[in-house]
Amino acid sequence: MSTNTKPKIAITGPNKSGSTAWFFTALNIRLAGGKPIRVTPNSFDGTLDYDGVIIGGGSDIHPDNYIKEETPMVKRTFWIRLKECVLYPMELLNRLGSSEYDKDRDDMEIKFIHFALDNNLPLLGICRGHQLLNAELGGSMYESTLPLLKNDMRIRSPFPRKTVLYTTSDSLIAEIAGDDPLKVNAIHSQAVAEPADALTVTARENAGINQVIESNNGDKVLGVQWHPEYLFYMKAHRKIFSWLIREAKK
C-alpha cells in the first residue's frame, strides 16, 4: 500500500442501534489517518477488501458461539445492587432493558476475524469483539462478571473508572499505550475467561477480569475489554487506533 493512501478499515456493528459507537470509532480512525467503513449484517455483501478490521462492541455473544466457564453462584446484597444503580445509571438501564442476541452479527464477525487472521491484517477487538475473538479461537468466557466481582460493585460507565494493570513487561499493549497502568471505562457484562491457545492475556484489572488479549505470533492482533473509542481525549487510547493504521499501511 502507498503511504499516501488511507487504509480502509472495516468497523463491524449491529443493524439496529450502534450509531454512537460507530461515530466515535470512525472519528478515531479518521484522526489516525484511516478510512472507516461501517459494516453490518444487512450491509455486508460478502466482500472482504479491507486493510484492517475492528470488531466492535454491542450485545452479548450467542451461547452457541462460545465455551462457557463455569462459576459458582454469588448472592449479592440489595445494598450493593442499589449502589450500582445509583452510582452507575448505565447499570440500571441495562437491568431494565431486554437482552437480545445477534446471531447474524456473530456469524458475520467470525468471517471478518478469519479474514484478518488469514491475511495477516491488523485486527482490533473491542469489548464484545475482544470476547468473540477469543471465543472463536477456542477460549472460554464468563457469561457474567458478577461471580468475579462478588460483593464489589460492577462499574458500568463510558468514563475511565477502572485501572488496568499489565501482567507482563513485554506486551503489545504496553508498546502501544506506554508502561503506566491504563485508566479505562467499562460497559460489559461478560468477560474472557481462559484465553485461546493462540492468544495471551497481557492485562487485568484488580478484580481479576481479563482486559487485554494478544496474539502469541506477531503484533497484528489485539483485543481490549474496554471501549477506547469513547476515550479519544486520552492519548494512550488514541494510540491504539494509530497502531491499527500503522499496521494497515504495511
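This is a predicted model: local features need pLDDT of at least 70, side-chain atom pairs count only at pLDDT 80 or more; totals for chains, interfaces and linings use all residues.
**View 1. The salt bridge between glutamate 247 and lysine 220.** The side chains of these two residues, glutamate 247 and lysine 220, meet with an N to O distance of 3.2 Å. Glutamate 247 belongs to helix H8 (residues 235-248), while lysine 220 sits in the loop between strand S11 (210-215) and strand S12 (221-224), and the pair therefore links distant parts of the chain, 27 residues apart.

**View 2. The salt bridge between aspartate 49 and lysine 8.** Here the side chains of aspartate 49 and lysine 8 form a salt bridge at 3.1 Å, N to O. Because aspartate 49 lies in the loop between strand S2 (35-39) and strand S3 (52-55), and lysine 8 in strand S1 (residues 8-12), the pair ties together parts that are 41 residues apart in sequence. Aspartate 49, with a relative accessibility of 47%, counts as partly exposed, and lysine 8, at 25%, also counts as partly exposed.

View 3. The side chains of glutamate 109 and arginine 128 meet in a salt bridge of 3.1 Å, N to O. Since glutamate 109 lies in helix H4 (residues 103-118) and arginine 128 in helix H5 (residues 128-136), this pair ties together parts that are 19 residues apart in sequence. Glutamate 109 and arginine 128 are both buried. Through salt bridges that share partners, Arg105, Asp106, Glu109 and Arg128 are joined into one network.

**Overall count.** With a side-chain nitrogen of Lys or Arg required to lie within 4 Å of a carboxyl oxygen of Asp or Glu, the count comes to nine salt bridges.

Note on methods:
Residues are numbered from 1 along each chain as its sequence is written. Side-chain values use heavy atoms; hydrogens and water are left out. Helices (H or I, at least four residues) and strands (E, at least two) are DSSP runs, numbered from the N terminus. Buried means under 20% relative accessible area, exposed over 50%, partly exposed in between (1.4 Å probe, protein chains only).
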